[in-house]
Amino acid sequence: VPPSFDWVGFKSVNVGKAHINGAEFTILVQGDIKGIKTTIYGGYTYMSPINFNTDSAYLATVSDTSSNLLKYRYQHLVKADVQFQKGRWTLGFSARYNSFMVNVDDIFEEEFILPGVRNYRERNNTGDWVFDSRISANFSEKSTLALVVNNVTNREYMGRPGDIKPPRLTSLRYTLKF
């Protein structure tokens, strides 16, 4: 009989009793400023992901025992985008912010699992701003060439423990519709 490795790995399990309240605000403004078509978009989301699970086995797995926040949740999200278009040219900038993810599974902060994650999270505990930019030229209704730069400031950030997000990425994209 081959050995069983059923105990190896990680599995997501619902915590049971929880309550997530929140609010979202979004604004979209479009207009023409001195012949430049301008679009401004912004949004903010607040979440209060409260865990009511008081089971000691569960509480032994959280990284922040001082809060009752659910694991792997952001409390604040911000998105903003501005775009200018004149003739065949379009120029745009965007920004997004995720607040610090307060609670994660504490095992991911152990040195033997993901070395350096605890130290990284202690040093980077204020959330992450990421900025992108783009410029494009429409050669016709069906043909567009765009230069896109994601993570302009080349910020190192994590979505979840150990999930380092991509560094600056510059791409040239040609779109042909037919």
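This report describes the fold, the sheet and a few selected residues of a predicted protein model.

## Basis of the values

The model is predicted, so local features are reported only at pLDDT of at least 70 and side-chain atom pairs only at pLDDT 80 or more, while totals for chains, interfaces and linings use all residues. Residues are numbered from 1 along each chain as its sequence is written, and side-chain values use heavy atoms, with hydrogens and water left out.

## Overall fold

The protein chain has 2 helices and 7 strands, where helices (H or I, at least four residues) and strands (E, at least two) are DSSP runs numbered from the N terminus. Read from the N terminus on, the elements follow the order β-β-α-β-β-α-β-β-β. The radius of gyration, taken over C-alpha atoms, is 22 Å, well over the 16 Å that the globule rule gives for 178 residues, so the protein chain is more spread out than a compact globule; the rule itself is 2.2 Å times the number of residues to the power 0.38.

Along its principal axes the C-alpha trace spans about 65 × 45 × 35 Å.

## Surface and contacts

The accessible surface of the protein chain comes to about 12300 Å², and 59% of this area belongs to carbon and sulfur atoms; accessible areas come from the Shrake-Rupley method with a 1.4 Å probe, and for residues only the protein chains shown count as cover. Of the 178 residues, 28% count as buried, where buried means under 20% relative accessible area, exposed over 50%, and partly exposed in between (1.4 Å probe, protein chains only). Among contacts (heavy atoms within 4.5 Å) with a separation of 6 or more, residues 24 or more positions apart account for 59%.

## The sheet

An open sheet of 7 strands has the order β1-β2-β3-β4-β5-β6-β7, with antiparallel pairing. Strands β1 (18-33) and β7 (169-176) stand at the edges with a single partner strand each, so one side of each is left without a neighbour in the sheet. From one strand to the next the twist averages 10 degrees, with axes as lines fitted to C-alpha atoms (for helices over the stretch in contact) and angles running from 0 to 180 degrees between N-to-C directions.

Two strands pair if DSSP finds at least two bridges between them. On this basis β1 and strand β2 (residues 36-51) pair in the antiparallel sense over 16 bridges, with asparagine 21 opposite serine 48 in β2. Strand β2 is in turn joined by 10 bridges to strand β3 (residues 76-86), the two running antiparallel, and here glycine 42 stands opposite alanine 80 in β3. Strand β6 (residues 143-150) pairs with β7 over 8 bridges, again in the antiparallel sense, and leucine 147 has leucine 172 in β7 as its bridge partner.

## Two buried polar residues

Arginine 121 lies in helix α2 (residues 117-123) and is buried, with a relative accessible area of 9%. The side chain of arginine 121 is joined to that of glutamate 109 by a polar contact of 2.5 Å, a polar contact being a pair of N or O atoms within 3.5 Å; within protein, one must be able to donate a hydrogen and the other to accept it, and residues adjacent in sequence count only if both atoms are side-chain atoms. Leaving aside neighbours within four places in sequence, arginine 121 is in contact with residues including Ser63, Phe100, Met101 and Glu109.

Serine 143 is found in strand β6 and is likewise buried, with a relative accessible area of 9%. Its side chain makes a polar contact of 2.6 Å with the side chain of tyrosine 174. With neighbours within four places in sequence left aside, serine 143 is in contact with Ala137, Asn138, Tyr174, Thr175 and Leu176.

## Positive phi values in loops

Most residues other than glycine have a negative phi. Lysine 34, however, takes a positive phi near 50 degrees in the hairpin of β1 and β2, which has 2 residues between the strands, and at 83% relative accessibility lysine 34 counts as exposed. Asparagine 154, in the loop between β6 and β7, has a positive phi of about 60 degrees although it is not a glycine; at 38% relative accessibility, asparagine 154 counts as partly exposed.
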